[in-house]
Amino acid sequence: MATLILVRHGRSTANTEGVLAGWTPGVRLDEHGAEQAAALPARLAAVPLAAVVSSPLERCRETLAPLLAARPGLVAETDERIGECLYGEWSGRKLKELAQEPLMEVVQHHPSAVSFPGGESMRAMQARAVEAVRDWNARIDEAHGENAAYLMCSHGDIIKSLVADALGLHLDLFQRIHVEPCSVTAIRYTRSRPFLLRLGDTGDLGSLVPRAEGPEEKGDSGDAVVGAARAHRDRSAQ
């Protein structure tokens with residue numbers, strides 16, 4: 001199946017102000033976030049993308065703008081299922097203030113039990129994001145073949161919950177995962193299991209270029225590579 005490239009939006013004004021943004025309108029990239037977004041096309045230059053999917057929120061659309069400008073043939077499709085968690089009454093509040101709420105301890109240690117006041121549960125957040133990925137995997141496979149790669153631009157908690165699902169981790173463990181703004185996380189889905197290829201990567205991404213099928217690509221069929229590593233081939237010959 002497809003390779004999913006997850007990009008967390010660049011650093012936003014809410015990140016620098018210590019605010020839980022949620023779906024609060026008008027949260028944009030700050031100056032550093034805009035620089036991160038501007039660097040994304042070069043980082044992904046070697047990776048062919050079959051499709052681009054975005055959270056509907058401004059900070060994700062702004063993060064993708066330089067990439068879409070660099071690749072005129074790509075148009076971002078919007079999927080609300082990968083939008084930020086619905087934090088309800090917590091949205092727009094300072095994180096320092098929220099740290100004093102009794103619910104925050106549950107968020108940190110038992111997130112599967114959390115339902116945000118006036119918002120959604122973290123279980124529902126993960127379920128809708130996983131459903132979106134499964135749907136897009138099927139669409140990409142059908143339209144572009146199982147070696148295609150596509151990109152989703154989303155949010156920290158969404159990406160962490162998708163990584164937890166790919167690794168078979170209970171949602172209560174997803175707070176152990178960390179992804180920086182504008183970092184790239186990549187998951188290769190196969191018929192038998194997903195493989196986490198990158199987690200919160202902020203460097204070069206050339207090795208994410210889909211490989212040609214062959215006997216040396218046994219790991220892409222769903223089998224884990226013995227020794228936990230795969231030899232890198234010389235891409236200059238391709």
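Cys182 is located in the loop that separates α7 from β5, where helices (H or I, at least four residues) and strands (E, at least two) are DSSP runs numbered from the N terminus. The structure is a predicted model, in which local features need pLDDT of at least 70 and side-chain atom pairs count only at pLDDT 80 or more, whereas totals for chains, interfaces and linings use all residues. Residues are numbered from 1 along each chain as its sequence is written, and side-chain values use heavy atoms, with hydrogens and water left out.

Although Cys182 is not a glycine, its phi is positive, at about 60 degrees. Most residues other than glycine have a negative phi. Cys182 has a relative accessible area of 3% and is therefore buried, a term that stands for under 20% relative accessible area, with exposed meaning over 50% and partly exposed the range in between (1.4 Å probe, protein chains only). Pro181 is placed in the loop between α7 and β5 and, at 14% relative accessibility, also counts as buried. Leaving aside neighbours within four places in sequence, Pro181 is in contact (heavy atoms within 4.5 Å) with Arg8, His9, Gly10, Arg11, Asn15 and Gln36.

The protein contains seven helices and six strands, which follow the pattern β-α-α-β-α-β-α-α-α-β-α-β-β along the sequence. Buried residues make up 47% of its 238 residues. Among contacts with a separation of 6 or more, 70% are between residues 24 or more positions apart.

Strand β4 (residues 149-154) has six of its six residues buried, so it is largely enclosed by the rest of the structure. In a regular strand the side chains alternate between the two faces of the sheet. In β4, Ala149, Leu151 and Cys153 point one way, while Tyr150, Met152 and Ser154 point the other way. Two strands are taken to pair if DSSP finds at least two bridges between them. Strand β1 (residues 3-8) runs parallel to β4 and is joined to it by six bridges, with Leu4 standing opposite Tyr150. Strand β2 (residues 52-54) is likewise parallel to β4, through three bridges, and Ser54 has Cys153 as its bridge partner.

The largest nonpolar core comprises 38 residues, and those with the most contacts inside it are Trp90, Phe116, Met122, Tyr150 and Met152; such a core is a set of buried Ala, Val, Leu, Ile, Met, Phe, Trp, Tyr and Cys residues joined through side-chain atoms within 4.5 Å. Two or more residues are given to this core by each of β1, α5 (102-109), α6 (122-144), β4, α7 and β5, and α6 gives the most, with eight. Apart from this core lies another, of 15 residues, including Ile5, Leu44, Leu64 and Leu74. Not counting residues up to four places away in sequence, Phe116 touches Cys85, Leu86, Tyr87, Trp90, Leu103, Val107 and Met122.

Leu169, in the loop between α7 (156-167) and β5 (184-189), is partly exposed, with a relative accessible area of 31%.
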